[in-house]
Amino acid sequence: RVEALTGEAAMARAQQDQGLLEELEQAAKVDRAGLVDEYARLREQLKAREREVQALKMKLASASGGADGELVDWQGVQLWTPRFEGLDKKAHAALVDDFRNRHRDRPFALLSAAVDGEGVHVISAVSESLQERVKAPEVMKRLALRGGGRPDFAQGGGVAPGDVEALRRRAGELLRGMIGEGAA
């Protein structure tokens, strides 16, 4: 499909475009030839700031007690059901991986939720020593969440931000039950 402007419409469009270019030159304080480079520079600067913000959110989440604040020892198993605010999927997974690495020498099971502008991201993970009794995707399934993954790590969603606290309570009960089932 080809569209074209001719005559007065073409002139009006050219004048409109000229006005936009002049505004951009003034706002960016560069000449027309430098607009593309200035845009690319500002875009990279914005990406760098977004990475800094995400790193600071992770640091804040770790330092605020969220990293181990919800940690409970139950029958020798570390149960963790934290809630984080403002972490995207990647940062949330990194925080859970950090927990898994720090607790790899003992049994653990977790369900972590992170609420951000895109919704709620949920991660379930279990230590290698518990995988006979508890599988991460099964935890997600039993909590009626969408998603999946490996026996030791699953990601998904399917919960509204207002329902996260109830999900955390149900997850704690479910994990205790699943661990207890395997122990019998």
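**Labels and their grounds**

Author: The protein chain has five helices and seven strands. The model is a predicted one. Along the sequence, its pattern reads α-α-β-β-β-α-β-β-α-β-β-α.

Reader: Why is His92 called buried?

Author: Buried means under 20% relative accessible area. His92 has 0%, so His92 is buried. The residue sits in helix H3, residues 89-102.

Reader: Which residues does His92 touch, leaving out those up to four places away in sequence?

Author: Among them are Phe84, Leu87, His121 and Ile123. A contact needs heavy atoms within 4.5 Å.

Reader: What makes E6 and E7 a pair?

Author: Pairing takes at least two bridges. Five bridges join E6 (residues 146-150) to E7 (residues 153-157), so the two strands pair. They run antiparallel. Two residues lie between the strands, and the two form a hairpin.

Reader: How do you know how the protein chain compares with a compact globule?

Author: By the radius of gyration. A compact globule of 184 residues would have a value near 16 Å, but the protein chain has 25 Å. The C-alpha atoms fill a box of roughly 85 × 40 × 25 Å along the principal axes.

Reader: What share of the 184 residues is buried?

Author: Buried residues make up 35%.

Definitions and conventions:
Residues are numbered from 1 along each chain as its sequence is written. This is a predicted model: local features need pLDDT of at least 70, side-chain atom pairs count only at pLDDT 80 or more; totals for chains, interfaces and linings use all residues. Side-chain values use heavy atoms; hydrogens and water are left out. Helices (H or I, at least four residues) and strands (E, at least two) are DSSP runs, numbered from the N terminus. Buried means under 20% relative accessible area, exposed over 50%, partly exposed in between (1.4 Å probe, protein chains only). The radius of gyration is taken over C-alpha atoms; the globule rule is 2.2 Å times the number of residues to the power 0.38.
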